[in-house]
Amino acid sequence: MPDIVLTTLNAKFIHAAFGLRYLFANLGELRPRAVIAEFDINQRPLDIAEKLLAHEPKIIGFGIYIWNVTETTEVIAAIKRVRPEIKIILGGPEVSYETDEQKIVELADHIITGEGDLKFAEVCRKLLEGGAGSPLPAEASIAIERHARSDEPYPKIIPAELPDFSRIALPYDFYTDADIAHRIIYVEASRGCPFTCEFCLSSLDIPVRQVPLDKFLAAMQKLLDRGLKQFKFVDRTFNLHIATSRAILEFFLARHQPGQFYHFEMIPDRLPAELREVIAKFPPGALQFEVGIQTFNPDVGQNISRRQDYERLADNLDFLRQKTSVHIHADLIIGLPGETVESFAAGFDRLIALGPQEIQVGILKRLRGTPIARHDAEWQMIYSANPAYEILQNKLIDFATMQRLRRFAKYWDLVGNSGNFVATTPLIWRGASPFANFLRLSDWLYARLGRTDTIALARLAELLFQFLTAEVKLDAKLAAETLWRDWQRGGRRDAPEFLREHLPAETAIRSQTEKSSLPRRQARHGAR
Ligand code: B12
Ligand code: SF4
């Protein structure tokens with residue numbers, strides 16, 4: 001039986017826990033005494049507790065994130081009732097800040113804040129040496145801060161020093177073959193971000209540190225050799241160190257095989273010729289860039305300490321759309337201090353004109369530890385008290401309007417981003433303001449459905465047809481043919497009932513789809 005269980009509840013099964021694998025890889029001589037046990041937030045907390053206890057561990061380390069803190073609190077509460085002597089160690093971004101006020105922190109024995117790669121091993125070593133359950137030695141180097149219950153003789157909150165990448169073992173061997181075949185595999189070539197966007201936790205992760213390039217590329221080669229097709233980079237700003245970014249891109253380009261796909265997070269106003277050159281050589285469907293724009297309003301940018309060169313941004317997006325096959329996923333945020341509905345709308349319309357395949361409309365969250373909290377009084381920022389701590393209203397957007405915008409974001413995701421309505425979406429937004437026109441659809445859909453989730457695709461398609469013909473007064477044949485093109489793109493062969501009477505008989509049974517090895521959503525966008 002293992003002495004140490006490393007665990008977390010992922011947002012979905014498909015996401016493999018990357019941080020846990022780093023901790024596991026760096027356990028040194030303790031590694032044979034440890035296991036990783038992953039769950040997801042849809043599993044029942046008591047079932048998870050049962051599975052963890054079945055290992056009969058002395059220590060359980062939990063990775064705590066915004067998406068799992070509620071469920072994990074329940075898991076730990078049950079474990080502590082049944083087996084109070086098991087040492088519970090927490091780590092992860094959600095418990096690295098504002099620890100004083102969290103129930104989960106109260107329940108746990110220790111919280112390692114920050115990057116726990118090396119610190120977790122150090123703490124386990126000491127706990128196991130002393131026999132888990134007995135106090136740490138008085139001279140313990142980890143005795144930094146005392147947040148402990150008064151009867152606990154050793155520190156509760158243990159800040160981890162920033163680990164040096166040259167001392168960290170890379171975790172990639174601990175992705176199993178099953179992970180590689182069925183799950184999203186995360187990789188990172190650097191940690192930290194030099195920028196200071198106040199809503200983002202990464203603004204606290206300074207300085208930027210690079211994984212030694214040769215060591216990193218050797219690990220990537222091994223993943224390629226093991227058959228990994230999709231690489232999701234979690235580097236906060238992949239295009240920061242241009243020479244390194246270029247070397248990584250060239251590495252993948254030289255080894256590219258059909259069906260391989262690489263995702264990077266980029267800042268939009270930094271794409272010099274050295275990068276453009278290599279990006280342009282990738283074939284369609286191989287590259288996806290998540291490009292944070294967040295706001296087009298310079299005053300809002302200033303409020304949140306985010307500098308952005310809008311001209312360069314437009315030029316870079318234009319280059320990516322015209323000269324490359326990169327799939328662009330651009331982010332905007334609703335609810336930032338100083339952003340009105342009108343200025344958000346203007347930004348959305350500006351972004352539509354730049355043509356990214358997806359626009360993620362995010363609702364501002366007050367993440368624990370982030371400096372955005374300094375605006376609370378001036379901009380009357382009111383957030384939900386529960387994860388994901390989304391904004392409910394502020395000085396410029398009241399609650400009812402925020403709800404309307406929240407629905408806009410959800411329907412936009414279903415219609416604009418899903419890739420299911422690539423040809424139909426422009427028919428909805430066309431006119432002076434894509435934002436205003438899509439908001440009209442959003443209000444119309446909500447009046448009929450009363451919800452924004454669990455909507456069958458066929459039902460949504462039918463509603464879009466009704467909206468286009470009855471509200472936008474579009475010619476029924478044009479609306480039907482466009483929806484039919486989109487319908488087939490998803491691999492469907494038979495036209496739905498409501499379209500049939502508007503389509504020529506022979507087209508209703510024709511299928512134009514080719515099988516693609518790309519991720520499904522990106523493949524649908526590729527057909528744009
Ligand atoms: C992958 C990812 C996801 C995946 C989920 C992954 C999963 N396993 O389920 C998806 C895409 C679903 C996702 C969604 C969201 N995410 Co996210 N996501 C990330 C991302 C890009 C990478 C995480 C990662 O692997 N990092 C690399 C590893 C090495 O670092 P790490 O995980 O932090 O682990 C280290 C430490 O935290 C610590 N540690 C971790 N576990 C443990 C355990 C123990 C015992 C110890 C001691 C230490 C420890 O040590 C590790 C090694 O140094 C991060 C940003 C980033 N680059 O980190 C954001 C991030 C984690 N996400 C964030 C947010 C806000 C979200 C969303 C709310 C965003 C949104 N727009 O809706 C959603 C919520 C989803 C939901 N269902 O509610 C925030 C986290 C805030 C928080 N307090 O948790 C981050 C930090 C982004 C940011 N900069 O603001 N996300
Ligand atoms: S939003 Fe992006 S650029 Fe800004 S601090 Fe976060 S990771 Fe860095």
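**Close-up views of a predicted model**

**View 1. The shell around ligand 2.** Five nonpolar, two polar and two charged residues make up the shell around ligand 2. This view, like the others, is taken from a predicted model. The residues that surround ligand 2 are Cys193, Phe195, Cys197, Phe199, Cys200, Ser202, Ser203, Arg236 and Arg306.

**View 2. The six-stranded open sheet.** The strands of this open sheet follow the order S7-S10-S11-S12-S13-S14, and their pairing is parallel. Strand S7 (185-187) and strand S14 (358-363) are the edge strands, each pairing on one side only. On average, neighbouring strands of the sheet are turned by 25 degrees against each other, direction ignored.

**View 3. Pairing of S11 with S12.** Five bridges link strand S11 (residues 261-266) to strand S12 (residues 287-294) in the parallel sense. His263 has Gln288 in S12 as its bridge partner. Gln294 also belongs to strand S12. Although Gln294 is not a glycine, it has a positive phi of about 70 degrees. Its relative accessibility is 8%, and because buried means under 20%, Gln294 counts as buried.

View 4. S13 and S14 pair in the parallel sense over six bridges. Ile333 has Gly362 in S14 as its bridge partner. Five of the six residues of S14 are buried, so this strand is largely enclosed by the rest of the structure.

View 5. Helix H7 (residues 213-225) lies across S7 and strand S10 (230-233), and runs at about 150 degrees to S10. Helix H11 (residues 310-323) lies across S12 and strand S13 (327-334), and runs at about 160 degrees to S12.

**View 6. Phe231 and the nonpolar cores.** The largest nonpolar core has 112 residues. Phe231 is among the residues with the most contacts inside this core, as are Tyr172, Phe216, Met220, Phe233, Phe252 and Phe348. Leaving aside residues up to four places away in sequence, Phe231 touches Ile185, Val187, Met220, Leu223, Leu224, Phe252, Phe261, Tyr262 and His263. Another core, of 26 residues, lies apart from the largest one and includes Val75, Ile86, Val95 and Val105.

View 7. The peptide bond from Ile206 to Pro207 is cis, with omega near 0 degrees. Pro207 is in the loop between strand S8 (190-191) and strand S9 (209-210). Pro387 and Ala388 are also joined by a cis peptide bond, with omega about 5 degrees. Ala388 is in the loop between strand S15 (382-383) and strand S16 (391-393). Glu56, not a glycine, has a positive phi of about 50 degrees, and lies in the loop between helix H2 (45-53) and strand S3 (59-63).

Conventions. Residues are numbered from 1 along each chain as its sequence is written. Chains are lettered from A and ligands numbered from 1 in the order in which they are written. This is a predicted model: local features need pLDDT of at least 70, side-chain atom pairs count only at pLDDT 80 or more; totals for chains, interfaces and linings use all residues. Side-chain values use heavy atoms; hydrogens and water are left out. A nonpolar core is a set of buried Ala, Val, Leu, Ile, Met, Phe, Trp, Tyr and Cys residues joined through side-chain atoms within 4.5 Å. Buried means under 20% relative accessible area, exposed over 50%, partly exposed in between (1.4 Å probe, protein chains only). Contact means heavy atoms within 4.5 Å. A residue is near a molecule or strand if one of its heavy atoms lies within 4 Å of it. Ala, Val, Leu, Ile, Met, Phe, Trp, Tyr, Cys and Pro count as nonpolar, Asp, Glu, Lys and Arg as charged, and the others, Gly among them, as polar. Two strands pair if DSSP finds at least two bridges between them. Helices (H or I, at least four residues) and strands (E, at least two) are DSSP runs, numbered from the N terminus. Axes are lines fitted to C-alpha atoms, for helices over the stretch in contact, and angles run from 0 to 180 degrees between N-to-C directions.
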